[in-house]
Number of protein chains: 4
Amino acid sequence: MRVGLLTGGGDVPGLNAAIRAVVKRGEGEHGHTIVGFRNGWRGVVDGDVTPVSRQQIRNVLPVGGTMLGTARYHPRAEDGGIDAVIATLEQERIDALICIGGDGTLHAASKVAEAGVKIVAIPKTIDNDVFGTDKSIGFDTAVWIATEAIDRLHTTAESHNRVMVVEVMGHHAGWIAVTSAIAGGAEVVLTPEEPFDIEKVVKYLKHRHRSHASFSIVVVAEGAVPLKGSAMDYEVPVGKFGEIVAGAIGERVKNEIEARTGFDARLTVLGHVQRGGSPTPTDRILGSRFGVAAIDAITRGESDVMTALHGENIVLVPLPEIAGKIKVVPADLIEVARTLA
Amino acid sequence: MRVGLLTGGGDVPGLNAAIRAVVKRGEGEHGHTIVGFRNGWRGVVDGDVTPVSRQQIRNVLPVGGTMLGTARYHPRAEDGGIDAVIATLEQERIDALICIGGDGTLHAASKVAEAGVKIVAIPKTIDNDVFGTDKSIGFDTAVWIATEAIDRLHTTAESHNRVMVVEVMGHHAGWIAVTSAIAGGAEVVLTPEEPFDIEKVVKYLKHRHRSHASFSIVVVAEGAVPLKGSAMDYEVPVGKFGEIVAGAIGERVKNEIEARTGFDARLTVLGHVQRGGSPTPTDRILGSRFGVAAIDAITRGESDVMTALHGENIVLVPLPEIAGKIKVVPADLIEVARTLA
Amino acid sequence: MRVGLLTGGGDVPGLNAAIRAVVKRGEGEHGHTIVGFRNGWRGVVDGDVTPVSRQQIRNVLPVGGTMLGTARYHPRAEDGGIDAVIATLEQERIDALICIGGDGTLHAASKVAEAGVKIVAIPKTIDNDVFGTDKSIGFDTAVWIATEAIDRLHTTAESHNRVMVVEVMGHHAGWIAVTSAIAGGAEVVLTPEEPFDIEKVVKYLKHRHRSHASFSIVVVAEGAVPLKGSAMDYEVPVGKFGEIVAGAIGERVKNEIEARTGFDARLTVLGHVQRGGSPTPTDRILGSRFGVAAIDAITRGESDVMTALHGENIVLVPLPEIAGKIKVVPADLIEVARTLA
Amino acid sequence: MRVGLLTGGGDVPGLNAAIRAVVKRGEGEHGHTIVGFRNGWRGVVDGDVTPVSRQQIRNVLPVGGTMLGTARYHPRAEDGGIDAVIATLEQERIDALICIGGDGTLHAASKVAEAGVKIVAIPKTIDNDVFGTDKSIGFDTAVWIATEAIDRLHTTAESHNRVMVVEVMGHHAGWIAVTSAIAGGAEVVLTPEEPFDIEKVVKYLKHRHRSHASFSIVVVAEGAVPLKGSAMDYEVPVGKFGEIVAGAIGERVKNEIEARTGFDARLTVLGHVQRGGSPTPTDRILGSRFGVAAIDAITRGESDVMTALHGENIVLVPLPEIAGKIKVVPADLIEVARTLA
């Protein structure tokens, strides 16, 4: 078989582990040829292919990013996009396609599958909001980086008696915010799942600083929003791709806290460091297992499915079942974060 | 309620996260008093108590080890051990006990529960072989450390054209070995689950070095054993507590490889660094969640149960159901390690 | 002797190592009593003292920040500030004072020394711009953190074909920028030492992206400024303490690059994570050696001097000799950064 | 010019930074051609060359080991070795040679220079014992790794009331031992510079455990030896290349402590992890600066010199001046380690 392979959407650590696993398993065990497309769906539309055999994947396991390149590009948003995809796949004689990506890439994959192309998807996103899987590639590393940053800010907060506000990624779900807040021992965490009342936040901080501490860490997901009708009005500012403008909510929260408490407050926006660099072992293992499972599924003739982690097992879930759904942080995990503050 | 708390067996990173969660949740939400016992079951037998309130747990979240101390001590192995435990619990008016430990501690917990004491257990072990839970506290950090070491050995192996043998922990199960081998991109992994044939290992290494590489990484679990009747005879050397002598199997494997291939080989025994130092976010979060779940279970009057991770959820499993069982690495995960070599 | 001890200015990793060394050496070898002042000079003015004996310094070596607290407070800027300092020192019967700080703290120390107080200073600043010493406490850790961030951004830059702009600290000198640019393999570095011409930067980036690469890393010190009369006009925005507003120059540089090249560019402002968390071994050792040297100097009756690193040796330099001077990055080091781009 | 380049002796982190700098500066600024020899002097003797131009050095900066390979091979120890070196250099029309290595490599370089070959050397060794330079490439990373290990062992020592013995590298000088002991807060450090009396060590540990602590960390350099005539007799076991057998002195010290104190003691032998993996920023910068200085010196026609760090400056020192000398740890640094125990 000739199997196409692409990575789409934002890069995350662990993509190369998945690519490597597809190639090692695909070539070594099944005798397939793996054809890489550069820069996600754009490479498929443009016919931009690159070989990915065992020579290319040497030493990529601990390296972040994606050796195939990636882009935020959606073929179904372009006129004739899906047709161009199918034309390229025919020209390159691709029997099946493995797509590694987040929401957008998976949605596109589902549309292409509807057009008759055999597709197996692998979920990746540092936001961890892909429905149907316990974890997506990249999330564990992002939490690691965010926690390390909170650890570092902790000593500064304590030394200077400050409120440190940390904005982390998480547009539709607060996975990084909640888990790094638990791991870093933050006092407050604001997430998209539960709109916040700034007056309650301020009241809690005042109480804490009066009673037993002189510093606090406040973790804010970029997608956190104030409760409607609460004291703080706020319009979510979005960029040209619909993404949230980095630092917007963090800046507002920091300013509100400073103005309402009189405490010295500082903002840190973690930004792109959350999605780069060497993956944690967990992400390397998850990428490797997903890669093996995907090429095995392709070989068995499966299609329109996504590899997923359920407990300790890798399973396949139908793409249509997860389309348009978001996996949010469950209330009990948010409760753990709150109770440990 | 007055709730006793102890940590038993070998120390692991993440114990303090669990202790902190028990205290914060227990005092803050339920109004309990938490009474710590020093050095595991020995402290219960000796009546060696120490207060653990919110003052004591400040800043312990990112710190490895256990603030309560620990010891390898089994009350049921001592004459009158269980009686002494019960006497202390009555004297200290302990209503219920939270035990954080591995196999030995959990077994003891079950025995004490049989004697009528209310007990909730929390699993910890870097070996990850506690039955009934996806993960135990300490495992993720151990894999992180082992993978970092393999990453470091990789560049030396390649620069010097050597076979680097790395012995990692794992007495009855090869969890650290298999996962760090996948994450570190090792060529060979030897585990307790599958006795090995040194001739096959050597044949594979010769083939690899002849065809496309001049170096290899071989990960050996301390509990790995040669196949009966195979070329290498070996008696497992055990210490006074039944533990495996560190470096024993690693040294033998290294020597056999060197003698049978003529390649330059070196041994690294990771040893105790695997179980110390600051926990990964995953272990901090797991410890925190287990701690909250345990004190909540105690408050509801549950007993003779263990907190466990099932997929994304924390659940309770009956201690008797897991007694005497070992969770080994499933064959499909070992297959992933092998296929990616 | 009763020796006062304070940490002033911004916190940095390694302060606790110095405090610990002063206490261990002072108590253990010389029999002194060490009296800590909380929150820098403010604590001296307010008479806010705290004991620092061997009990307090346990386990602080690997911990960032300062156990004494710190504040940006200059006694000579307040009416009667110096008088209040001297009054407190007399009341607490302080024989000599050890001040750990950067420019501001050292300047204040010199003024207090002029008033007859015996003072030995220890230099700390992540900016590394204290004159008279090869290194100051905190610099090595800051470079470590900045380099780790650049490593992480590298993979994202490459995966997305982007220009990543990273703003690091460095108000009057570009030490962090130049060294992390060399260590991280950045393509462009902008520092306070050499005002930049944005047109040259843009020209270089266009050439690079045309000829052999599709991504770049640009490191910008917060104190970098455009060349007068060059294409980009810019007013340095300063905060209430005269500090530079974080992100200001980074934002401008990113926007100019994006507008003038059409390349996709992103900004990361490292901010406070650069000054927090566990110190590198180098900073722990430097802090320890400075602490020992300072208390030894105090014991010998020296005053109005600063501990300094000259090559491999710790020496003492007179405070008046360094007052008002800034140590900038030498041209040959900037040349190394440029030649390796 | 055609400039030869080799790395000899044990691999260390930072070699690739030096190689990259030689190539970037040599090709880019001076227009030279750089010819790499594989596996140190053996590659010169065998005529095993490999191109190292800008294509090859992409992404090597953060990677440990050496892309040229290395070997412990001394041409002057072989019959006709020096002649074979000169023959190869003539055949490849090499105008000058840059040798990156430790004692052995530098000694060989000096001999080859005597034969009329233009040579500039760059010092590397994790032991940091090359005479004439403040630091050699690899040392800073080794200290970082050793300190991280000591940090990890600390929490285990404390949790289990144990004496943890850590053997680190350092054959003729105890640089890693002394600096990591200071940085890690170890209680005892044993080095080649000062033969130890095990009875004094034991006496100190007993005193410490009696008075205020129940655990200790003992750092032992592999080259540490007991004082002649003291209680512990010991023959240094050496391997086939004259290197010390790993773990030998550590094992003996651990056993003596256990036998003489009755405390529970454990040994960790760090071994090869100390010399592998991604270099610290300090080693990347040192390698980069040495590389630039070496190729600049070659270009100016200098020979028989070594690049060296003196304070903040890179200078050249004549190879004959350093031949046969070892840089040991100065007494005042050992005193700092002792006073902070």
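The model is predicted, so local features need pLDDT of at least 70 and side-chain atom pairs count only at pLDDT 80 or more, while totals for chains, interfaces and linings use all residues. Residues are numbered from 1 along each chain as its sequence is written, chains are lettered from A in the order in which they are written, and side-chain values use heavy atoms, with hydrogens and water left out.

Two copies of a chain are related by a rotation about an axis and a shift along it. For chain C and chain A, a rotation of 180 degrees with 0.0 Å of shift along its axis superposes the former on the latter with an RMSD of 0.0 Å, by least squares on the C-alpha atoms of residues with pLDDT of at least 70 in both. This is the relation of a two-fold axis. Chain A is likewise laid on chain B by a turn of 180 degrees and a shift of 0.0 Å along the axis, with an RMSD of 0.0 Å. Gly311(A) has the C-alpha of chain A that lies nearest that axis, at 1.7 Å. Of the contact residues of chain A, 100% recur in chain B.

The interface of chain C and chain A brings 36 residues of chain C into contact (heavy atoms within 4.5 Å) with 35 residues of chain A. About 2,500 Å² is buried between the two chains, with carbon and sulfur atoms giving 48% of it; this area is the accessible area (1.4 Å probe) that two parts lose on being put together, summed over both. Arg152(C), Ser159(C) and His272(C) supply 27% of the area that chain C buries against chain A, more than any other three residues. Because 97% of the interface residues of chain C are also interface residues in chain A, the copies meet through the same surface.

What does the rule find in the way of salt bridges across this interface? The number is zero, where a salt bridge is a side-chain nitrogen of Lys or Arg within 4 Å of a carboxyl oxygen of Asp or Glu. On the side of chain C that touches chain A, α5 (139–160) and β9 (265–269) each supply at least two residues, and α5(C) gives the largest share, 12 residues. Helices (H or I, at least four residues) and strands (E, at least two) are DSSP runs, numbered from the N terminus.

In chain B, helix α4 (residues 103–114) has 12 residues and reaches 17 Å from its first C-alpha to its last.

Methods
Expected span 1.5 Å × (residues − 1).
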